[in-house]
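Please walk through this structure with attention to its aromatic side chains, its helices and its charged pairs. The account below takes these topics in turn.

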Amino acid sequence: MSNYGVDTVFEWGDFVTAFWAFFVNLPLVTFIHQLGHYLMARLFGGRSEIVLGRGKQLFRIGAVKVNRFYFLDSFCHYESLKVNSKASHILVYAGGVLLNLFSLLLINILIMSNTLPETSFFYQFGYFTIYFMFYSLFPIQYSEKHASDGKQIINILRNKSASNIFD
């Protein structure tokens, strides 16, 4: 109960937590996901770049472009895989989830070994990571040229050509 005798849904500290969650933690999880796609594409000899956010470009560091609204949307563009096989394309599409899973396991191991403290930041990191993994693998066609990673993997397994969702 608050000082005013009325139960509240949110307190001022919750706004700070929400700020960290949506403007730091979620973009971090998003970047890790896109980095997984990027690393897999590079592993198979492809060219790749990561774009975080929408709007005008704020800055670019190597293959990573960060836009003004960095917390809204992201994608990884890849092309010209030197190892051009079903397995290579499946691994590129699965790369985001694989790196998300690795980061989640690493954070948990570091917390369990008392290397990292148990904080709401890491709790949110885990929540957003699981969210990202689930919806990335959920097989859905968003538009004619845009499908989830899971849908792209199914398309490849069914001998359909995978559209490049990162265009």
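Tyr 131 has a relative accessible area of 41% and is therefore partly exposed, where buried means under 20% relative accessible area, exposed over 50%, and partly exposed in between, with a 1.4 Å probe and protein chains only. The model is a predicted one, in which local features need pLDDT of at least 70 and side-chain atom pairs count only at pLDDT 80 or more, whereas totals for chains, interfaces and linings use all residues. Residues are numbered from 1 along each chain as its sequence is written, and side-chain values use heavy atoms, with hydrogens and water left out.

Tyr 135, which is placed in helix H3 (residues 120–137), is likewise partly exposed because its relative accessibility is 43%; helices here are DSSP runs of H or I with at least four residues, strands are runs of E with at least two, and both are numbered from the N terminus. Tyr 131 and Tyr 135 are four residues apart in helix H3, so about one helical turn separates them. An α-helix has 3.6 residues a turn, so residues three or four places apart point the same way. Both tyrosines contribute to a nonpolar surface patch of about 750 Å², which is made by Tyr 127, Tyr 131, Phe 134, Tyr 135, Phe 138, Ile 140 and Tyr 142. Such patches are made of residues with over 30% relative accessible area and no salt bridge, like charges being joined within 9 Å and nonpolar side chains (Val, Leu, Ile, Met, Phe, Trp, Tyr) within 5 Å; the accessible areas come from the Shrake-Rupley method with a 1.4 Å probe, and for residues only the protein chains shown count as cover.

How many aromatic pairs are there? The count comes to twelve, under a rule by which rings of Phe, Tyr and Trp (its six-membered ring) pair if their centres lie within 6.5 Å, with planes under 30 degrees apart counted as stacked, over 60 as edge-to-face and the rest as tilted. One of them is the edge-to-face pair of Phe 22 and Phe 128, at 5.9 Å centre to centre and with 65° between the planes. Because Phe 22 lies in helix H1 (residues 12–43) and Phe 128 in helix H3, this pair ties together parts that are 106 residues apart in sequence. Phe 22 is partly exposed, at 45% relative accessibility, while Phe 128 counts as buried at 9%. Tyr 131 and Tyr 135 also form an aromatic pair, a tilted one with 4.9 Å from centre to centre and 55° between the planes.

Helix H1 has 32 residues and reaches 46 Å from its first C-alpha to its last, close to the 46 Å expected at 1.5 Å a residue, the expected span being 1.5 Å times one less than the number of residues. A kink of about 35° in H1 is centred on Ala 21, the bend at a residue being the angle between axes fitted to the seven residues ending there and the seven starting there. His 37 also lies in H1 and is buried, with a relative accessible area of 1%. His 37 and Leu 99 are 62 residues apart in sequence, yet their C-alpha atoms are 8.5 Å apart in space. H1 is followed by Gly 45, which has a positive phi near 80°.

Helix H2 (residues 86–112) has 27 residues and spans 38 Å from first C-alpha to last, close to the 39 Å expected at 1.5 Å a residue. H2 bends by about 50° at Ala 94, and just after H2, Asn 114 takes a positive phi of about 60°.

The charged pairs remain. Side chains of opposite charge can pair when their charged atoms come close. A search of the whole structure finds three salt bridges, each defined as a side-chain nitrogen of Lys or Arg within 4 Å of a carboxyl oxygen of Asp or Glu. Arg 47 forms a salt bridge with Glu 79, with the closest N and O atoms 2.6 Å apart. This pair links distant parts of the chain, since Arg 47 is in strand S1 (residues 47–61) and Glu 79 in strand S2 (residues 64–79), 32 residues apart. Glu 49 forms a salt bridge with Arg 60, the closest N and O atoms again being 2.6 Å apart. Asp 73 forms a salt bridge with Arg 54, with 2.3 Å between the closest N and O atoms; Asp 73 lies in strand S2 and Arg 54 in strand S1, so the pair ties together parts that are 19 residues apart in sequence. Asp 73 is partly exposed at 40% relative accessibility, and Arg 54 is partly exposed with a relative accessible area of 49%.
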